[in-house]
Amino acid sequence: MSIHSTAIISEHATIGKNVSIGAFTIIHDNVVIHDDTIVEPYCELGVSNHLSEGKALVIGSNSHIRSRSTFYEGSTFGPRLITGHSVTVREKTEAGENFQLGTLSDIQGHCKIGNFVRTHSNVHIGQHSEVGDYVWIFPYVVLTNDPHPPSNVMKGVKIGNFAVLATMSVILPGANISEGVFVGAHSCIGGVTEKDMLYSGSPAKQIGLASKIKLKDGSRKPAYPWRNHFNRGYPQDIIEQWNKEQSENV
Amino acid sequence: MSIHSTAIISEHATIGKNVSIGAFTIIHDNVVIHDDTIVEPYCELGVSNHLSEGKALVIGSNSHIRSRSTFYEGSTFGPRLITGHSVTVREKTEAGENFQLGTLSDIQGHCKIGNFVRTHSNVHIGQHSEVGDYVWIFPYVVLTNDPHPPSNVMKGVKIGNFAVLATMSVILPGANISEGVFVGAHSCIGGVTEKDMLYSGSPAKQIGLASKIKLKDGSRKPAYPWRNHFNRGYPQDIIEQWNKEQSENV
Amino acid sequence: MSIHSTAIISEHATIGKNVSIGAFTIIHDNVVIHDDTIVEPYCELGVSNHLSEGKALVIGSNSHIRSRSTFYEGSTFGPRLITGHSVTVREKTEAGENFQLGTLSDIQGHCKIGNFVRTHSNVHIGQHSEVGDYVWIFPYVVLTNDPHPPSNVMKGVKIGNFAVLATMSVILPGANISEGVFVGAHSCIGGVTEKDMLYSGSPAKQIGLASKIKLKDGSRKPAYPWRNHFNRGYPQDIIEQWNKEQSENV
C-alpha cells in the first residue's frame with residue numbers, strides 16, 4: 001500500500017491490499033476500494049449526498065482512477081474500472097466489470113452500465129440511462145432523458161450490446177438503440193432502432209446494414225460487427241468466443 | 001466557520017459567517033464570500049487578471065461552489081449560487097440570484113446573467129452574452145459571439161426569460177432568442193426569433209408554437225410554457241405567481 | 001524562481017530560471033521547463049507512461065500553464081505556450097511556438113501542431129492529427145481519426161495553415177482541410193477540401209469562397225483571409241509580412 005503523505009483518507013474508508021493513493025487525493029468515510037487499485041492525485045472519492053441514501057462507493061479490484069476524478073458515494077463498479085482524467089460520477093451508478101470511462105466524462109448517476117463498456121473523452125450519461133455490454137461511446141456524445149425539458153418526466157435511453165455511438169451524437173430521451181447499431185458522427189437520434197443497422201444524420205435516418213461499411217485497411221471486409229476485426233484489450237476467453245461465432249457465421 | 005487546514009486563504013479576503021472551505025482550496029486577496037456559503041475542495045477563487053480592473057469576486061450568501069471550480073476576480077453573484085464541479089468563470093460575469101451552473105461549464109466573462117438561470121453540464125457562455133431570468137440551458141450548448149472568427153467584432157447573444165436551449169445547440173453570434181422560445185436538441189440557430197415558438201434543426205427552422213409539444217406524462221397538456229407544470233426548486237412566492245398567471249390564462 | 005511550499009517537485013526535473021510554480025502542483029522526474037514560465041496551481045506535469053518511451057516533457061520558455069492542467073511526459077512545446085485551465089495533453093504531442101490551448105481542451109497525443117495555433121475551449125484533438133500554422137479551432141470542435149470505430153485503422157486529419165474550424169464541428173477521419181478554409185459552426189466535414197473555400201452543414205457542403213463572407217463592422221470588406229483584418233497577439237514581424245502580402249494582392 002502506497003498512500004501519499006498529502007492524501008486525506010478517512011479512517012472509516014475500507015482500503016484493500018496493494019492500493020496506491022496519490023498526492024492531494026481525498027477519500028471520504030463511505031468508500032470501499034478493492035485490492036490492487038491505483039487512485040491518482042487530486043481525486044475525491046465518496047462525496048456524500050443524501051441521494052446516495054447511505055450506500056457506499058465501491059471500486060472493484062485492479063482499477064485505475066486517473067487524476068482529478070470525482071466520485072460520489074452510492075455507486076458500485078466491478079473490477080478493472082479505468083478512468084481518464086477529471087471524470088465526475090454521481091450517486092447510484094451501477095457498472096459492471098472492465099468499464100473504461102474517458103477523460104472529462106460526466107455520469108449523472110441513477111444509471112446502469114454493463115460489462116466491458118468503453119467511453120472516450122467528454123461523454124455525458126444522463127440519469128436513467130441503461131447501457132448494455134461491449135458498448136462504445138465516442139467523444140462528446142450525450143445520452144439525454146427529459147423529452148420536454150425541464151420537466152418531471154424521465155425517459156432514459158437504452159443502448160444495446162455492441163452498439164457504437166460515434167462522435168458528437170445526441171441520443172434523444174427514451175431512444176432505444178438496439179444491439180449492434182452504429183450511430184454515425186454528429187447525429188441526433190431518437191425512437192426505436194433495428195438491430196445491426198447504421199443510422200446517421202440530424203435527425204438520424206436508417207441508412208442500411210452497418211456491415212455495408214467496409215474496412216479501410218485494404219481488406220474490404222465489413223467493418224461491423226466490429227468484434228470480427230477488433231479485440232484489443234478484451235480477455236482471451238471473450239476473444240475466442242467471438243472468433244468461434246465468426247467462423248460459424250461465415 | 002469551518003476552514004480546512006490545507007486551504008490557503010488570503011488574509012485580505014473577506015469571508016462571511018458560517019462559511020465552509022474545503023481541503024486544498026485557494027482563496028486569493030480580492031474575494032468577498034457572503035454568509036452561509038460552502039466552498040468545496042480544490043477550488044480557486046479570485047484569480048487575478050488585469051481585465052478585472054481591480055474589482056473583487058463577490059459570492060452571494062447561501063451559495064455552494066462544488067469542487068475544482070475556478071473563479072476569477074471581477075465577477076458578482078447574487079445569493080444562492082450553486083455550481084457543479086470544475087466550472088470556470090472568468091472576470092466581469094454579473095449573475096443574479098439562484099444561479100445554477102452545471103459541472104464543467106465555462107463562462108468566458110464580460111456577460112450578464114439574470115435570476116434563477118440554470119445550466120446543465122458543459123455549457124459554454126461566450127463573452128457579451130445576455131441571459132434573462134428563468135432560462136434553462138442544457139448540456140453542451142455553446143453561446144457564441146464572433147460572426148466571422150477570428151475578428152474584433154463581438155456580437156453576444158441575448159436569451160429571453162423562460163427560454164430553453166436543449167442539448168448540444170449552437171447559438172450563433174448576435175442571435176436573439178425571445179422569451180419562452182424552445183430550441184430543440186442539436187440545433188444551430190441565429191437571427192431573430194418569435195416569442196414562445198419552437199425552433200429546431202441545423203440551420204434551425206421555426207416549427208410552430210412550443211405549446212404544441214405535449215407532456216409525455218399521460219396528461220397530453222402542453223409542455224410549454226414549462227412553468228405551468230414544473231416548479232421544482234423555485235421559491236414559493238414565485239410558484240404562486242406562476243399558478244395565478246396560469247389560472248388567469250385558462 | 002518562486003515555487004510554492006505545497007508544490008511537489010522532483011529533484012530530477014529541470015527547471016529553468018525565473019519559473020513560478022503554484023500551490024499543490026506536481027512536477028515529475030522527466031520534465032524540462034524552460035525560463036520565465038508560469039505553472040499555476042494544481043497542475044501535474046510529466047505523468048509517466050510507457051507510450052512516452054522515456055522521452056521528457058519539454059515546455060518552452062515564456063510559457064503560461066493555467067491551473068489544473070495535466071501533461072504527460074514525451075511531448076514538446078516551443079516557446080510561449082499558453083493554456084487555459086484543465087487541459088489534458090497526452091504523450092508525443094509536438095507543438096511549435098506560441099501555441100494557445102483553451103480551457104478543458106484534450107489532446108490525445110501522437111500529433112503535430114504548428115506555430116501560432118490557437119484553440120478555444122473544449123477542443124478535442126485526436127491522435128495522428130496534423131495541424132499547420134496560424135490555425136484557429138473554436139469551442140467543442142473534435143478532430144477524429146478512426147473511419148469505422150472501433151478499429152485499428154487510424155486516419156488522422158490534416159488542417160492547413162490559416163484554416164478556421166468554427167464551433168462544434170466534427171472533422172471526420174482522414175479529412176484534409178486545406179489552407180485558408182473556413183468550416184462553419186455545427187458542421188460535419190470529411191474528405192478533401194479546396195483552398196480558401198467555405199464549407200458548412202452536416203454533412204458539410206462547399207458554399208463558395210470564404211472571402212464572400214463580409215465583415216460586420218460596417219466596412220463590408222471580406223472577412224477572410226482573416227489575417228487581412230485581425231492580428232491581435234501576433235508578433236510585429238509577422239504582422240508586417242501579412243500587411244505586405246495584402247498590399248501586393250490588392
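A salt bridge here is a side-chain nitrogen of Lys or Arg within 4 Å of a carboxyl oxygen of Asp or Glu. A:Lys92 and A:Glu53 meet that rule, with N and O 2.7 Å apart. The model is predicted. Over all chains, the whole structure holds 21 salt bridges. The count between chain B and chain C, however, is zero. Those two chains still bury about 2800 Å² between them.

**Salt bridge A:Lys92 to A:Glu53**

- The side chains of A:Lys92 and A:Glu53 form a salt bridge at 2.7 Å, N to O.
- This pair links distant parts of chain A, 39 residues apart.
- A:Lys92 lies in the loop between strand S14 (88-89) and strand S15 (93-95).
- A:Glu53 lies in the loop between strand S8 (44-47) and strand S9 (57-59).
- A:Glu53 has a relative accessible area of 61%, so it is exposed, the cut-off being over 50%.

**Salt bridge A:Glu94 to A:Lys55**

- A:Glu94 and A:Lys55 also pair through their side chains, at 3.1 Å from N to O.

**Salt bridge in chain C**

- C:Asp196 forms a salt bridge with C:Lys195.
- Their closest N and O atoms are 3.3 Å apart.
- C:Asp196 is at 30% relative accessibility, so it counts as partly exposed.

**Interface of chain B and chain C**

- In this interface, 38 residues of chain B are in contact with 36 residues of chain C.
- Of the roughly 2800 Å² buried between chain B and chain C, 63% is on carbon and sulfur atoms.
- On the chain B side, B:His148, B:Pro149 and B:Pro150 lose the most area to chain C.
- Together these three residues account for 23% of what the chain B side buries.
- No salt bridges are counted between chain B and chain C.
- Polar contacts do cross the interface: 17 residue pairs are found, both residues at pLDDT 80 or more.
- The side of chain B that touches chain C divides into 18 nonpolar, 16 polar and four charged residues.

How values were computed:
Residues are numbered from 1 along each chain as its sequence is written. Chains are lettered from A and ligands numbered from 1 in the order in which they are written. This is a predicted model: local features need pLDDT of at least 70, side-chain atom pairs count only at pLDDT 80 or more; totals for chains, interfaces and linings use all residues. Side-chain values use heavy atoms; hydrogens and water are left out. Helices (H or I, at least four residues) and strands (E, at least two) are DSSP runs, numbered from the N terminus. Buried means under 20% relative accessible area, exposed over 50%, partly exposed in between (1.4 Å probe, protein chains only). Contact means heavy atoms within 4.5 Å. Buried area is the accessible area (1.4 Å probe) that two parts lose on being put together, summed over both. A polar contact is a pair of N or O atoms within 3.5 Å; within protein, one must be able to donate a hydrogen and the other to accept it, and residues adjacent in sequence count only if both atoms are side-chain atoms. Ala, Val, Leu, Ile, Met, Phe, Trp, Tyr, Cys and Pro count as nonpolar, Asp, Glu, Lys and Arg as charged, and the others, Gly among them, as polar.
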